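This report covers aromatic rings and the packing of helices. Please look at the sequence and the structure before reading on.

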Amino acid sequence: MIRFMLTLHVLAATVWVGGHLVLSLSVLPKALRADDPRIVLEFESTYERVGLPALLVQVITGIWLAWRLIPEVGEWFSFSSPIATTIGVKLILLAVTLALAVHARLRLIPNLEDGSLRPLAFHIVAITAIAVLMVVAGVGFRFGGIF
């Protein structure tokens, strides 16, 4: 069961991180050059159909995998071992991702128009960087933790 859950987790991370890398490195620069937020919105409307379910799969499988490593949920933020630190760091990065996503969805996107793409661009780059950091932290599990 653990191989199946880990495979789902990694596949979902591939979709989430890969989509954000495409958005940050390809779609966003094009939209910024054209000063046209519709380019980002078109990508987002298509990507959300696979990206958000991928994030949900990551959360569910990540919690299950963390519980398998450290069954006591209270220990996840104890930073008392390399594995607990890695779990805690990944959960903090997830919380920051969710906060940025909610802010973008509720505040930035409804007010998006020509010339107002820069604040959303910051969010896109930040979420992409966080996604990459989560991959780096995830690799840390293979080597006993990130520290």
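Trp 16 and Tyr 47 are both buried in this predicted model. For Tyr 47 the relative accessibility is 9%, and a residue counts as buried when this value is under 20%.

A pair of aromatic rings is described by the distance of the centres and the angle of the planes. The structure holds two aromatic pairs, listed here.

| Pair | Distance of centres | Angle of planes | Kind |
|---|---|---|---|
| Trp 16 and Tyr 47 | 6.4 Å | 40° | tilted |
| Phe 43 and Tyr 47 | 5.6 Å | 15° | stacked |

Planes under 30 degrees apart count as stacked, so the pair of Phe 43 and Tyr 47, with planes at 15°, is stacked. Trp 16 belongs to helix H1 (residues 2-34) and Tyr 47 to helix H2 (residues 37-69), so their pair ties together parts that are 31 residues apart in sequence. Phe 43 and Tyr 47, in contrast, both lie in helix H2, four residues apart, which is about one turn of the helix. Trp 16, Phe 43 and Tyr 47 form one aromatic cluster.

A further ring has a charged residue over its face: Arg 142 lies over Phe 143, at 5.8 Å from the ring centre.

How do helices H3 and H4 pack, and at what angle? Helix H3 (residues 82-108) and helix H4 (residues 117-142) have their axes 10 Å apart and pack at an angle of about 160°. Angles over 145 degrees count as roughly antiparallel, and H3 and H4 are therefore roughly antiparallel to each other. Their crossing is left-handed. By class, the contact of H3 with H4 has 18 nonpolar residues, five polar and one charged.

Key. Residues are numbered from 1 along each chain as its sequence is written. This is a predicted model: local features need pLDDT of at least 70, side-chain atom pairs count only at pLDDT 80 or more; totals for chains, interfaces and linings use all residues. Side-chain values use heavy atoms; hydrogens and water are left out. Rings of Phe, Tyr and Trp (its six-membered ring) pair if their centres lie within 6.5 Å; planes under 30 degrees apart count as stacked, over 60 as edge-to-face and the rest as tilted. Helices (H or I, at least four residues) and strands (E, at least two) are DSSP runs, numbered from the N terminus. Buried means under 20% relative accessible area, exposed over 50%, partly exposed in between (1.4 Å probe, protein chains only). A charge sits over a ring if NZ of Lys or CZ of Arg is within 6 Å of the ring centre and within 35 degrees of the ring normal. Axes are lines fitted to C-alpha atoms, for helices over the stretch in contact, and angles run from 0 to 180 degrees between N-to-C directions. Angles under 35 degrees count as roughly parallel, over 145 as roughly antiparallel, 65 to 115 as roughly perpendicular and the rest as oblique. A crossing is left-handed if the near helix is turned anticlockwise from the far one by less than a right angle, and right-handed if clockwise. Ala, Val, Leu, Ile, Met, Phe, Trp, Tyr, Cys and Pro count as nonpolar, Asp, Glu, Lys and Arg as charged, and the others, Gly among them, as polar.
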